[in-house]
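Here is my note on the helix packing in this model. Please read it with the structure open.

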Amino acid sequence: MLSVEESLASFELPPDFRIELVAAEPLVQDPVAIFFDDAGRLWVIEWPGYNWPLRTVLPGFEPKDLPKARVAILEDTDRDGKMDRRTVFLESYDWPRGLQIMHDGALVLKMPYLVFAHDLDGDGRADREEMIESGLEVPLNPHGAPSNLFRAMDNWIYGSRYPKRLRESGGVWRHQPTVSPRGQWGLSHDNYGRMVYAWNTDHMRGDLVPPHYFARNPNSAAVAGIDVRFPADQITWPHAGTPGTNRRAHLREEDGTLQSFTSNTAPAVYRGDQFPAEYLGNVFLGEVAGRFLRRSIRTEKDGEITARNAYERREFMFSPDERFRPVYTTNGPDGTLYVADMHRGIIEGDIFMTSFLRGQVMNRKLQEPFNGLGRVYRIVHRARPPQSPPRLARTDLPAWVERLAHANGFWRDAAQRVLVESGNKLVVPAVRKIAQHHASELARLHALWTLEGLGAVEPALVAHALADRSPKIRVAALRLSEPLLGDR
């Protein structure tokens with residue numbers, strides 16, 4: 001097994017980039033998903049019990065109780081780019097499937113429940129759990145369970161394999177039906193709010209239109225523009241052999257490399273401001289069996305989106321370390337790209353363990369250690385150092401209004417969420433000014449949806465947006481106009 005330093009030094013990526021360690025065990029263990037909050041803290045879903053049944057069929061393991069999942073919060077207290085403080089927010093639950101940061105805690109999918117875990121005293125630990133929904137299905141294959149809570153630009157929270165969308169206002173939760181399974185692990189959206197996701201063997205799909213519209217007529221089976229495949233092929237190009245897959249048929253005979261996607265996770269649309277402009281809108285996605293990160297360039301033409309590998313017969317990042325498992329990617333507050341590495345020799349689900357994979361595991365002792373490892377990295381472009389704006393108090397609403405126009409999409413999202421959750425309509429005039437007059441199309445778009453979240457959409461605002469020079473703003477205006485139509 002490679003040390004943290006050896007594993008870090010082994011990465012292969014384009015010369016214009018470098019990779020930096022943000023956290024490693026024991027500060028982080030068995031991470032499966034990561035999320036930044038508006039204070040720059042990193043929330044981590046940890047799943048030490050993943051694949052636990054394998055311990056009963058692989059030699060060398062003594063009986064041991066199933067370790068429970070948890071949510072930890074990591075902080076960089078000295079702002080040197082590395083996490084140095086760990087607080088366990090929520091622990092002792094099974095089947096961790098998703099998390100959405102909220103104003104005083106987080107919405108957590110802890111199957112078979114969906115709960116709102118509140119941190120009432122601000123110490124980083126959950127004090128009370130509010131039941132939002134119970135009885136969610138836990139299938140035999142956990143990868144098919146509801147997952148990926150995600151707040152979209154329209155202020156609603158969506159999930160994968162979760163047939164509803166949710167939103168809270170004043171402590172009251174609203175539920176509406178929606179469609180589209182939205183992949184298996186990880187949700188992202190582009191600068192215009194269109195969601196992107198992946199299936200195990202289908203590495204990039206997305207919605208071109210808002211999916212809830214198709215749930216309005218239960219008799220309609222038409223779902224054009226939903227779950228659309230963007231890339232033309234699923235061919236992969238690891239830089240070295242990748243034998244630790246569940247079937248030999250997945251590998252090229254000539255060099256033993258993974259020949260097509262089989263274990264995709266958590267695509268992230270790059271929306272930061274640290275990489276050069278040509279990277280905006282690119283999708284980065286981890287292939288955990290292939291031990292690489294794919295960079296796809298998306299192209300939009302006449303309302304359709306296509307995608308292609310950014311490199312010829314190569315991948316954006318590859319590791320020869322057989323325990324490198326890039327399970328999650330996300331945009332960071334500093335404009336860089338963050339990658340969660342579960343760091344396990346066995347990543348395939350226990351119900352899919354084949355004799356071929358078992359042989360690979362035993363021959364190289366990939367089952368040791370079984371769990372307890374984990375890394376978080378950030379990928380940095382060498383052109384300039386990563387920078388984050390000063391941290392803001394949630395009560396400094398005028399400053400959050402200004403961040404609706406930030407170049408980093410992470411901060412535009414955060415500003416919209418903070419302002420909407422505040423419910424404070426004193427900011428409406430300033431937000432309306434951005435929506436109607438700001439030079440940035442993206443600032444105007446976020447301002448419009450912020451006004452929607454604050455219940456401050458008026459006919460004059462919609463009329464102004466319908467005349468906007470940007471077609472994306474005009475589309476948003478059409479959606480914002482719906483409540484004004486009443487029953488007509």
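1. Arg-412, Asp-413, Gln-416, Leu-419 and Val-420 of helix 4 meet Leu-442, His-446, Trp-449, Thr-450 and Gly-453 of helix 6. Contact means heavy atoms within 4.5 Å. By class, this contact has 4 nonpolar, 4 polar and 2 charged residues.

2. The model is predicted: local features need pLDDT of at least 70, side-chain atom pairs count only at pLDDT 80 or more, and totals for chains, interfaces and linings use all residues. Residues are numbered from 1 along each chain as its sequence is written, and side-chain values use heavy atoms, with hydrogens and water left out.

3. Helix 4 (residues 409–422) packs on helix 6 at about 20 degrees, with the axes 9 Å apart. The two are therefore roughly parallel (angles under 35 degrees). Their crossing is right-handed.

4. Helix 5 (residues 428–437) also packs on helix 6 (residues 441–453), at an angle of about 140 degrees and with axes 7 Å apart. The crossing of helix 5 and helix 6 is left-handed. The residues of their contact divide into 8 nonpolar, 1 polar and 2 charged.

5. Helix 2 (residues 355–364) has Phe-356, Leu-357, Gln-360 and Val-361 buried (under 20% relative accessible area, 1.4 Å probe, protein chains only). They cover an arc of only 135 degrees around the axis, so they lie on the same side of helix 2. Ser-355 and Asn-363, on the other side, are exposed (over 50%). Lys-365 follows helix 2, with a positive phi near 55 degrees.

Technical notes: Axes fitted to C-alpha atoms, helices over the stretch in contact; angles between N-to-C directions. Helix = DSSP H or I, 4+ residues; strand = E, 2+ residues; numbered from the N terminus. Left-handed = near helix turned anticlockwise from the far one by under 90°. Nonpolar A, V, L, I, M, F, W, Y, C, P; charged D, E, K, R; others polar. Arc of directions from axis to C-beta. Parallel < 35°, antiparallel > 145°, perpendicular 65-115°, else oblique.
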